[in-house]
Structures are given as structure tokens and as C-alpha cells.
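This report describes one protein structure for a reader who is new to the subject. Please keep the sequence and the three-dimensional view at hand while reading.

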Amino acid sequence: DLVVIFAHLAEVQVAPGRHYRSGTVLAQVGSPPFNGNWWPHLHVQLVLKNVFDVFVKTGLDKLDGYGHPTDIERLQVEYPDPLSLL
């Protein structure tokens, strides 16, 4: 399973599970305080886990994109570089 997360957004214009054509506007980048009080940007994160595990067991709030250097090999497998898909 591969989950793609687009974060720090406002005005999401699509729904999970639907299919859209290339070029469809998914959402607008949010600004503080609606994007978690971050400078406006798009956060794209890949998670190589079961969707249920990501949304229910782990929770999106625990997917912060950081990890201890001793876990780097495991983290690179579980959270692959999104540029490979872009």
C-alpha cells in the first residue's frame, strides 16, 4: 500500500477515492493559521503502509516527517522520496 499525503492545504476541491484528470486543481495552499501555522507551502509525503494503519492506528498527526538518525534506513523504506513519483 502507498498513501500520498498532501498537507498544509485550504479549500480542498476533491474527494478521496475519486479519479481526476491531469491538471485538475486539487486544493489551494493554505496560510496561517489554517495550515498548522506554517509558512504557506505544499507538503507531499509518501507513506508505504496500509491506509488503515496511517489514518486509524498511527494517525496523521504522528506523521511529522522526522525521525532519529539511527532509524534512517527504515524510514527511507516507509517514507520514500516523493520526487520519484513527480
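Arg74 forms a salt bridge with Glu78, and the closest N and O atoms of this pair are 2.9 Å apart. A salt bridge here is a side-chain nitrogen of Lys or Arg within 4 Å of a carboxyl oxygen of Asp or Glu. Side chains of opposite charge can pair when their charged atoms come close. The model is a predicted one, in which local features need pLDDT of at least 70 and side-chain atom pairs count only at pLDDT 80 or more, while totals for chains, interfaces and linings use all residues. Residues are numbered from 1 along each chain as its sequence is written, and side-chain values use heavy atoms, with hydrogens and water left out.

Both Arg74 and Glu78 lie in helix α2 (residues 72–78), four residues apart, which is about one turn of the helix. Salt bridges that share partners join Asp71, Arg74 and Glu78 into one network. By the stated rule, the count comes to two salt bridges.

How exposed are the members of the network? Arg74 has a relative accessible area of 41%. The classes are defined as follows: buried means under 20% relative accessible area, exposed means over 50%, and partly exposed lies in between (1.4 Å probe, protein chains only). Arg74 is therefore partly exposed, at 41%. The table lists this residue with others.

| Residue | Relative accessible area | Class |
|---|---|---|
| Arg74 | 41% | partly exposed |
| Asp71 | 30% | partly exposed |
| Glu78 | 18% | buried |
| Leu42 | 44% | partly exposed |
| His8 | 17% | buried |
| Glu11 | 58% | exposed |

The secondary structure comes to two helices and four strands. These are DSSP runs numbered from the N terminus: helices are H or I with at least four residues, and strands are E with at least two. Read along the sequence, they follow the pattern β-β-β-β-α-α.

Several backbone features lie in the loops. His8, in the loop between β1 (3–7) and β2 (9–10), has a positive phi of about 70° although it is not a glycine. Glu11, in the loop between β2 and β3, also is not a glycine and has a positive phi of about 55°. A cis peptide bond, with omega about 0°, joins Pro32 and Pro33; Pro33 has its place in the loop between β3 and β4.

Leu42 likewise lies in the loop between β3 (28–29) and β4 (43–47). Leu42 belongs to a nonpolar surface patch of about 1,000 Å², whose other members include Leu2, Phe6, Val77 and Leu86. Patches are made of residues with over 30% relative accessible area and no salt bridge; like charges are joined within 9 Å, and nonpolar side chains (Val, Leu, Ile, Met, Phe, Trp, Tyr) within 5 Å.

Some values describe the protein as a whole. Its C-alpha atoms fill a box of roughly 35 × 30 × 25 Å, taken along the principal axes. Of its 86 residues, 17% count as buried. The protein exposes about 6,800 Å², and carbon and sulfur atoms supply 58% of this area. Accessible areas come from the Shrake-Rupley method with a 1.4 Å probe; for residues, only the protein chains shown count as cover. Among contacts (heavy atoms within 4.5 Å) between residues at least 6 apart in sequence, 57% join residues at least 24 apart.
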